[in-house]
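Visitor: I'd like to know how you decide what to call things in a structure like this. Can you walk me through it?
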Amino acid sequence: MDKNKYTDTFSQLHSSVDETALAARKSARKRFHAAAALIAAAVMLLSAGALAVYGRSHSLRELVLNPTPPVSAQTEAADTSLPEGAQDSAAAQPAKSVSYDPLPEGRDMISLQGYAGSPEHQAMLEWSEFEHGYDRSGEILLEVGNEPTPWYEKYCYNGYLVYSQEMADKLDEITEKYSLSLHSGGIQTGTVTQLKKVFGDFTAAERWGGYYYSDGTFQIDASQDVPDFGIVDFQLRRTMKGFFDTVALNINDAEQYEQWEYDTACGVPVLLALGPEKALIFADLEDSFVAVNVLAGQATPLSDGSGGVTREALEALADSFDFSIL
Amino acid sequence: MERDAFLLLAGKYKDTIFRVALNMLASPHEAEDAVQEVLLRLLERGRDFESEEHARFWLVRVTINLCKNTLRSPWRKRHVPLTAAEALPAFEEREQSELYSTVMALPEKYRTVLYLFYYEGYSVKEIAKLTGSGVSAVTTRLSRAREMIRSHFTEAEVD
């Protein structure tokens, strides 16, 4: 084929889109959003520990929510014996023996709801601290046992581990404080293909499955062949903004991760983090926060036995998602 | 992105975006929609590009992914017969109209690699990265596309 004929032909095709008008239209919208952002920023800065600034890059450290055990709890932690009268019950039901020791150093838990400063993250942080210091001896949980509780329908069925009125009150207090809604209506389960019918073609993965709430929050466990790399197993969770969600992820030591920002093929920038045993992708979207937990890292083989995750492989996996439709 | 930097890139590359989208979607109307969408994403982008080549690569990649989504859309599958009937662009020469019609009659996967290779000058490896395909698949598509165009014109001459 004659290259010159081809270029002469296609050079006659032009777009009629007016970029100046596009920029002007966007500026008008931006001015409105800027005013709203300023008000929101002022409110956030007044909140203790609010760190997020519009437009700046993020880091894994902004997701860490390790609770600090209260002074009384630290004292209690030394006493690991069960409360009086509870030993017999515990011996009969060993599964109820719950440990509430603080996390050892280097075991970081991260929020999957948003970066520090977002209402979803702040709410999760407060709940996490409350939960960590609450019923440290396990006395209340032992009393409740496995029987259905009055809180089951509203809270437990929707993923919140509530087993006392005090916990229910705290949950309601936090959601009211941050103007968040609880998940409701229970979960629906399905294969990855079924979930893609509901949420769009956001992943090239076809295998395995997941669950979702009616508000749009969902999670999948999936497996995908990344070209020139191998089979990658991962979990993807999308948490809708405006809802209170309590799912956290243990990433071991956040300081061990190499981190960088990356523009994905769909045009959405993401934060990538590559650690010894895990690799992570985070996308802070307009309506939701998406976290991808790759079940392998730099030093761990993939499920097909091939070598650890590389920067290129993580970028290729990030490119395979269409975050723009989530 | 700053307005001036946006206007510079948009002015320079909107035709590239349009042609990539046109080759993928075979509809000038949908290609214009794609240009608008890609330019909006450019405008919303928070950070600068490392170089102009980086910007061009990003724009083409975003366009390809956007068009892939459009092609997969169930809504489009139901409506495509109407949009496919859109008018042929006006070319300076009859020969160019024929070449355009021949190229656009090829399946999408051949049109796109042809355009990226012949017009934009990307290497096979770069096209593989842009389209999310393997290098061997791109090579095969280029070779088949060339063969199909050659056989079309040979048959036309015989007739």
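Predicted model: local features only at pLDDT ≥ 70, side-chain atom pairs only at ≥ 80, totals over all residues.

Visitor: Why is B:Arg141 called buried?

Guide: We count neighbours. The cut-off for buried is 20 or more other C-beta atoms within 10 Å. B:Arg141 has 23 of them within 10 Å, so it counts as buried.

Visitor: Which residues does B:Arg141 touch, leaving out those up to four places away in sequence?

Guide: B:Lys109, B:Tyr110 and B:Val113. Contact here means C-beta atoms within 7 Å. There's also B:Thr112: it is 29 residues from B:Arg141 in sequence, and the two C-alpha atoms are 9.5 Å apart in space.

Visitor: B:Tyr110 again! Where else does B:Tyr110 turn up?

Guide: Let me take the cores in order. The largest nonpolar core has 58 residues, and A:Val270, A:Leu280 and A:Val294 have the most contacts inside it.

Visitor: What makes you say that this core lies between two domains?

Guide: Domain 1 (86–182) and domain 2 (188–325) of chain A both give residues to it, so that's where it lies. As for B:Tyr110, it belongs to a second, separate core of 48 residues, which also includes B:Ile64, B:Leu116 and B:Leu130.

Visitor: How do you know that the span of helix α2 (residues 28–44) of chain B is close to what is expected?

Guide: Take 1.5 Å times one less than the number of residues. This helix has 17 residues, which gives an expected 24 Å, and the model's first-to-last C-alpha span is 24 Å. Among the buried residues of α2(B) are B:Ala34, B:Val38 and B:Leu42.

Visitor: What makes β9(A) and β10(A) a pair?

Guide: Pairing needs at least two bridges. These antiparallel strands have six, so they qualify. In one of those links, A:Glu261 has A:Leu271 in β10(A) as its bridge partner. The two strands form a hairpin with five residues between them, and A:Gly267 in the turn has a positive phi of about 95°.

Visitor: Which residues of helix α9 (residues 311–320) of chain A are buried?

Guide: A:Ala313, A:Leu314, A:Leu317, A:Ala318, A:Asp319 and A:Ser320. Both β9 (258–263) and β10 (269–274) of chain A are included in what covers them.

Visitor: And how many residues does each chain bring to the contact?

Guide: Chain A brings 29 and chain B brings 39. On chain A's side, α1(A) supplies the largest share, seven residues.

Methods:
Residues numbered from 1 in each chain as written. Chains lettered and ligands numbered in written order. Buried ≥ 20, exposed ≤ 12 C-beta atoms within 10 Å, placed from the backbone. Helix = DSSP H or I, 4+ residues; strand = E, 2+ residues; numbered from the N terminus. Contact = placed C-beta atoms within 7 Å. Core = buried A, V, L, I, M, F, W, Y, C linked by C-beta atoms within 7 Å. Domains from an automatic or database assignment.
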